[in-house]
Amino acid sequence: GSSPDKPSTPGQPDAVDVGVIAIVDVAPIYLGKQQGFFSKRNINLNLTTAQGGAAIVPGVVSGQYQFGFSNTLSLLVATEKGVPVKAVCNGNTSTGKDGEDFGGLFVKAGSPITSPKDLVGKTVATNTLKNIVELSVRASVKKAGGDPAGVKFTELPFPDMLPALQAGRVDGVFVVEPFQAAAVAAGAKKIASSFVDLAGNLTISMYFTSKQLATSNPDLVARFTEAMKESLAYAESHPDDVRTVLGTYTQISAEVRAKLTLPKFPADIDKASVQSVGDQAQSLGLLTKAPDLNLLP
Amino acid sequence: MLEVSGLRKVYEGHGRRVEAIGDLTLTVPQGSLTCVVGPSGCGKTTLLRCVAGLLPATAGEVRVQGVPVTGPTPGLAVVFQEYGRSLFPWLRVRQNVELPLKAAGLPRQQRTALVGEALAAVGLEDAHSAYPWQLSGGMQQRVAIARAIAYQPKVLLMDEPFAAVDAQTRADLEDLIRAVWRRLGVTLLFVTHDIDEAVYLGERVIVLSASPTRVAEDFPIDLPDERDQLGTRADPRFTELRGRVYAQIQKAKSR
Amino acid sequence: MLEVSGLRKVYEGHGRRVEAIGDLTLTVPQGSLTCVVGPSGCGKTTLLRCVAGLLPATAGEVRVQGVPVTGPTPGLAVVFQEYGRSLFPWLRVRQNVELPLKAAGLPRQQRTALVGEALAAVGLEDAHSAYPWQLSGGMQQRVAIARAIAYQPKVLLMDEPFAAVDAQTRADLEDLIRAVWRRLGVTLLFVTHDIDEAVYLGERVIVLSASPTRVAEDFPIDLPDERDQLGTRADPRFTELRGRVYAQIQKAKSR
Amino acid sequence: MIFVRRVLLAVALPIALLAVWWFTSADSQAYQWPPLSRILQAFLDTWTPDKLRTDVLPSLIRLGAGYALALVAGIALGVLIGGSAGLRAYLEPVLEFMRAIPPPVVVPIIMLVLGIGDTMKIVVIAFGCVWPILLNTVEGVRGRDEVLDDTCRTYGIRGGLRLRHLVLRAASPQILTGARQALSIAIILMVISELFAAENGLGFTVMQFSRGFEIPEMWSGVFLLGLLGVVLAVAYRLVERWLLRWYHGARAHEREW
Amino acid sequence: MNRTALSLLGLATFAAIGEVAPRIGLVPAAYAPPTSRIAVALADEAATGRFWLALRDTVLTWALGLAIAVVAGVVIGVLLGAVPVLWAVSSSTVEFLRPIPSVALIPLVVVLYGSTIRSTVVLVVYAAFWQVLLQVLHGVADVDPVARDTARVYGLGRWARVRYLVWPTALPYVVTGVRLAASVALILAVTGELVVGSPGLGKEIEVARQSAAVPLVYALVTVCGLLGVLANVATRAVERRVLAWHAAVRTEVGT
Ligand SMILES: Nc1ncnc2c1ncn2[C@@H]1O[C@H](COP(=O)(O)OP(=O)(O)OP(=O)(O)O)[C@@H](O)[C@H]1O
Ligand SMILES: Nc1ncnc2c1ncn2[C@@H]1O[C@H](COP(=O)(O)OP(=O)(O)OP(=O)(O)O)[C@@H](O)[C@H]1O
Ligand SMILES: [Mg+2]
Ligand SMILES: [Mg+2]
């Protein structure tokens, strides 16, 4: 292929590297690749998995990846710190339905805790501190009438949360699929759908590129965005295909794939939810200024 | 008492097979002083190591005080030919001599006395706080001897203990060893290269043949018990004996 | 030629200060065979190490062939008192002897010949493929001697090279050393404890005093150049000389 | 004089490297490569005495505890294994198996048993840095001089006395080599352990900076880790010099020229 | 019982503990599955091509990184050890760089090479290099003074000294260094894959972890462990060959 930094050579497909995480949330891009939405726009898509956004953002900025997948709050923080990133389209969105979201706040079976407000004075595990999950759990506690400042958060990777909960090392955990399915199977009680408590149709993550690429090759960015949007729309309307494609890049067992709750995949970013995330982050001091929505396309 | 019967030792490995000891039988009575001489590489060190229980024999048996030897025997001390390597480089001279006494559980006071005496006997009072590698070869060897003496063993095996010391010191040490032997009644097996030394020291001199080793000859030394460097060595009987031993070694070697 | 002038060596460290050599001046003419005797710990090894350029002197100077020594001199070989540690345990006997020749860049054929000769001369033809730790003490020492001989040095320093070998082998090696010395015209400095050996071997015997060391006496040995073990040792002049050296050592020691 | 020279030699290269870094990064725009001046400024702003107390001290305490645990376990186990060929054959594959498991995978397993508190972090540090100590102890114990061994056997030097005066001393040069390797591994594991359920600590803070895209601060943390390494290495050297004075003494005269 | 049987017995014991502990509730079986379930998961996974590709990638990364690290560590270690000035100049920098966690390099390598094998190789080299370097430095410092003097006296040049003296002395340390580095390299290869996302077992572990596929995670971890065991078998075999002369090895082979 040709170098993606320059306008494309006619007739030659652009090789595009995208940094993603091997989780449920990125199913649409795998599906879109499978469906040929990218190749028909002359994009030769290569998906690389990394452990988390922390490794993807530098990769995109340095031009190692052309696009990446990261959560909304990380991108807001990066923008405020002057990291030259630019969102291109939605990644995934909470279902917006309380009790039926793809992630939730769980307590152990038989725990006296029944509401998020009971978590005051207790410990809750979050996948990363000071990020979107913590923000969501705080929203749940607040909504239930508790003081979020009284909740102690501790950082644990999703896979390690359930064992910690079962062993009583933490009092609550926030997990997403497929760990939500595992939590349910283990008898844990869901006490809140925190993403829903944080904002209506919460845009949890987005695909983004570097500002540099956005200015040097707007055509490629446009084609990628189009293809991505088509993929999202397809995923939204073909949940069974999503469940199938999960089997190709994850190791989630077939039974779990059949049962798990999928996120929503709207094509467009819900600006209001981003604004709301930014505002709440600011009130917590995670952002020093009002969120910079120039990030958004 | 020390009995070696039908001892045989073969070294094998790394592409080499050496029959160091062929078939060796000898008895060393309790409290006697026996000297062993033999050509270089004939198996003297190997014999001592088997007696000390440091090396399993290929065949045959060693008994100390009637008990078959299967491992190191308590109350037995060895002065190794590799005197330099047998001292602990991380311990000072005094500590090197003291360590076996500590292991034997002697009280501190007695230890200090024994160590002081032994170091004085070998002429190293001044060097007690040096590390072994700060000493000359002869001094190191004397530390090893002091360690053996201070230990007050029942059986003492010495492997060319005076190889690195000068003639005068050697004479002094010879007399020291005879004095210690008589005082403690220790059973002494003494390997040396020096025929004069063997005859001067021993009640008996055993000549070993070249490998595969056998006892070539066993000379009782009928010199008077009181020996002194000038008188004894001038004794015509001494000259005669050393001549016989010498001749025997010549024969042992050419066989 | 080898000149030592005003040499002084003080060891310091680890809570010990030893004036090993006080003030030593001596000259060893080109191609001569000089024996050095002295009490244990008097500084003989220290002297050799200074001459070999292995140890910096505290004061004074050593010159070999007129050049001040500041490091190891080419064409100089040493047989160390710690023969065991001076052999490389990872090399077989043959390779140990061959290594210096390789370093000198000799062609393979010549190396093989020299190594074979030297090993035969010390009676170790059979052991050439053994590792040093498979050998007896005396055999190891003979390997070290073979290495020095095969190297064909201009200056040869030997530190009690026969301490670990039996009387017969020792006699053979003494004759070997004299033969090599005469054939190669090497300048030889020979440290020994054995007064007989010093007198038998040397053209000259230097007696050192106890530490801090000085030259106590310097005896020219006026025995005929052709020496043999039986004849020379029976020579009344030999007996006289050894008596004088012995008396001198006694004096040196008590001083 | 020699001391001054050694200090000069020691600081010359770092200063040169820093100078190169300073000038090449002076007008760097790339966010991940901030100018050195900004990093140094961030260093001063970030690592205040208060911050050192709340974040560096807990790390150091865990580091010390984990390292001490590794020393004790590594040496004890190493002496046992090094002293017995049978035990070595029996345990070695299992130990090699455990050694090959990467810490990020080990931590969840250790968490299952020990929870998420400081104990877990200390054990993670110990688990990771015990290997060089253990291995070197085993090799040191195996390689001890045979004549010394025989000396102990004949003179009836057994048990604790033999352990203290032969086994440990003979192996000590190797053990200390291992201890030194372990020191830097311990620092790495201190960082890794703080990626799990930590609320303070140097590694935790650096990771938070990195996630928050506070790049100069992150670099200043990496810098502090390096400094910590240097300080510990110097401390180690002092201890080693003292413990091995016989060893360096025995090998000293060759360096006189 | 011979060595291999004992080793297998050891692994069997370990597997048995892994089977029993979850079954009797010592650890929660849901998160620490018994050995048999891990074995089943492993068997299932081994039937996929994806597994073998991942295994190949990991072994490749590992071998490449280890090879570079060992060569660089040995060369630089011997150089620094042989030329003291170089060490004096660079030691502080080395001490500074060494503890910087390889994890901290991840953003850097991602910037440079992205999620490719090259990123991981850089991490592997960085981590394994220090292990080898440090062992080599200590090994080089362990040269026996008498052996060193021997080499100097016999005119061994710098290269010959490195080749015949320094290198064999350091070799036991190097072997330990390689054994240490082998597992550190493996760990870093897997960790790198896990974090950076370059292809290999580590990436598969992360995917399995994020998919809540617990037995599969353990199965893949088991593969890592077994790779470590294999690496050890290989280094032990090499050790028995190249260190046949070393006390640690020869005493085991002998009696
Ligand atoms: N560890 C060993 N491995 C293999 N062979 C050995 C070993 N030790 C000794 N030998 C061989 O056994 C024979 C006898 O050796 P030993 O050390 O007993 O002789 P020795 O009589 O003490 O000689 P010396 O007077 O020279 O010390 C020699 O040929 C030697 O090569
Ligand atoms: N490395 C050292 N450090 C400190 N002191 C030493 C060192 N080497 C030797 N000495 C001291 O120097 C003195 C002379 O030692 P040297 O080895 O030269 O004696 P020597 O004449 O060779 O004795 P021997 O005949 O016993 O071998 C001794 O008192 C010894 O303790
Ligand atoms: Mg012997
Ligand atoms: Mg000496």
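How many residues does the contact take from chain B and from chain D? The contact (heavy atoms within 4.5 Å) takes 28 residues from chain B and 22 residues from chain D. This is a predicted model, in which local features need pLDDT of at least 70 and side-chain atom pairs count only at pLDDT 80 or more, while totals for chains, interfaces and linings use all residues. Residues are numbered from 1 along each chain as its sequence is written, chains are lettered from A and ligands numbered from 1 in the order in which they are written, and side-chain values use heavy atoms, with hydrogens and water left out.

**View 1. Salt bridges between chain B and chain D.** Three salt bridges (a side-chain nitrogen of Lys or Arg within 4 Å of a carboxyl oxygen of Asp or Glu) link chain B and chain D. In one of them, B:Arg49 pairs with D:Asp150, with the closest N and O atoms 2.5 Å apart.

**View 2. Ligand 2 between chains B and C.** The site is shared between chains, because residues from chains B and C surround ligand 2. Of the 21 residues around ligand 2 (a heavy atom within 4 Å), those that come nearest are B:Gln134, B:Ser136, C:Lys44, C:Thr45 and C:Thr46.
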